[in-house]
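Here is a friendly briefing to read alongside the sequence and the model. Please keep both open as you go through the points.

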Amino acid sequence: MSLPSHVRLVEVGPRDGLQNEAQPIAVADKVRLVDALSDAGLGYIEVGSFVSPKWVPQMSGSAEVFAQIRRKPGVIYGALAPNLRGFEDALAAGVKEVAVFAAASEAFSQRNINCSISESLERFAPIMSAARQHGVSVRGYVSCVLGCPYEGDVAPEQVAAVARELYAMGCYEVSLGDTIGTGTAGDTRRLFEVVGAQVPRRSLPDTSTTLTARRSRISTPACWKAFRCSTALSRALVAAHMPRAPAVTSPPRTWCTCSTGWASTPVSTSRA
């Protein structure tokens, strides 16, 4: 198997990590975290989520966080915007890239966002239209791609169908997430084969294999443990109120870029 010479890390700790914390987290601590991650050299940081604080209390104050962070040139500061109201709030906060999410499992979609997969995709249409109008890039997440806590196994063809819809809507990147960490290396290869047959795929960061005018990337974490390590680092930074990010001592790893962590095969890497 030919391995890429570079990987891109999409750090989601300030959003996907902190939204699960039980205790309130001050805006100042969130800002400190994002600034520390910027200082660590990350090129993409998902700063927060523009959702109702009634449903995700820890994401309240995302606009204030965006207003106070030190934005470094070349770093993308993204946010989750699951509906048009969230997109409008993100736009007002100066966000230049947002993410939308869907599930590959009907049961998970119903339990998580109280609607079917098709209904969730329909909600994204006005977001994509507004994003094109305002020049905002959109990434797409697909969860439960290698297993669902309610349905069990998820067919790669189902994942491909959701990924294809997100790509057709205009998502420049489709991130495939092994939400419950049940996937194996063989499962992941098979998933890539099936999805890659329906959604243009390229090796990162080489653009020479791009098949369409719009960049398309298919990405997946190979194991949930990698995500936990990435999120744990972010939480530790908040808890310790560290003014600077620590040196990165973990070995570079890759399988493909992902939204939630990285896999466990060492490879030569550099920051994107």
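Arg15 and Glu46 form a salt bridge (a side-chain nitrogen of Lys or Arg within 4 Å of a carboxyl oxygen of Asp or Glu), with their closest N and O atoms 2.7 Å apart. Arg15 sits in helix α1 (residues 13-17) and Glu46 in strand β2 (residues 44-49), so the pair ties together parts that are 31 residues apart in sequence. Helices (H or I, at least four residues) and strands (E, at least two) are DSSP runs, numbered from the N terminus.

This is a predicted model, in which local features need pLDDT of at least 70 and side-chain atom pairs count only at pLDDT 80 or more, while totals for chains, interfaces and linings use all residues. Residues are numbered from 1 along each chain as its sequence is written, and side-chain values use heavy atoms, with hydrogens and water left out.

**Salt bridges**

- The structure holds 9 salt bridges.
- Both partners of the Arg15 pair count as buried (under 20% relative accessible area, with exposed meaning over 50% and partly exposed in between; 1.4 Å probe, protein chains only): Arg15 has 8% relative accessibility and Glu46 has 0%.
- Glu173 pairs with Arg139 in another salt bridge, where the closest N and O atoms are 2.5 Å apart. This pair links distant parts of the chain, with Glu173 in strand β6 (residues 173-176) and Arg139 in strand β5, 34 residues apart.
- Glu173 is buried at 1% relative accessibility, and Arg139 is buried at 0%.
- Arg190 forms a salt bridge with Glu157, and here the closest N and O atoms are 3.6 Å apart. Arg190 belongs to helix α8 (residues 185-196) and Glu157 to helix α7, so to speak distant parts of the chain, 33 residues apart, that the pair links.
- Arg190 is partly exposed at 43% relative accessibility, and Glu157 is partly exposed at 42%.

- In helix α4 (residues 84-92), the buried residues are Gly86, Phe87 and Ala90. They lie on the same side of α4, because they cover an arc of only 100 degrees around the axis; the arc is that of the directions from the helix axis to the C-beta atoms.
- Arg85 and Ala92 are exposed on the other side of α4.
- As background, an α-helix has 3.6 residues a turn, so residues three or four places apart point the same way.

**Positive phi values**

- Most residues other than glycine have a negative phi.
- Asn114 has a positive phi, near 60 degrees, although Asn114 is a residue other than glycine. Asn114 lies in the loop between α5 (106-113) and α6 (117-134) and is exposed, with a relative accessible area of 64%.
- Cys144 also has a positive phi near 60 degrees. Cys144 is in the loop between β5 and α7, and is buried at 0% relative accessible area.

- Ala161 is part of helix α7 and is partly exposed, at 22% relative accessibility.
- Ala161 and Val199 are 38 residues apart in sequence, and their C-alpha atoms are 9.3 Å apart in space.
- Glu151 is located in the loop between β5 (137-143) and α7 (156-169), and is partly exposed at 41% relative accessibility.
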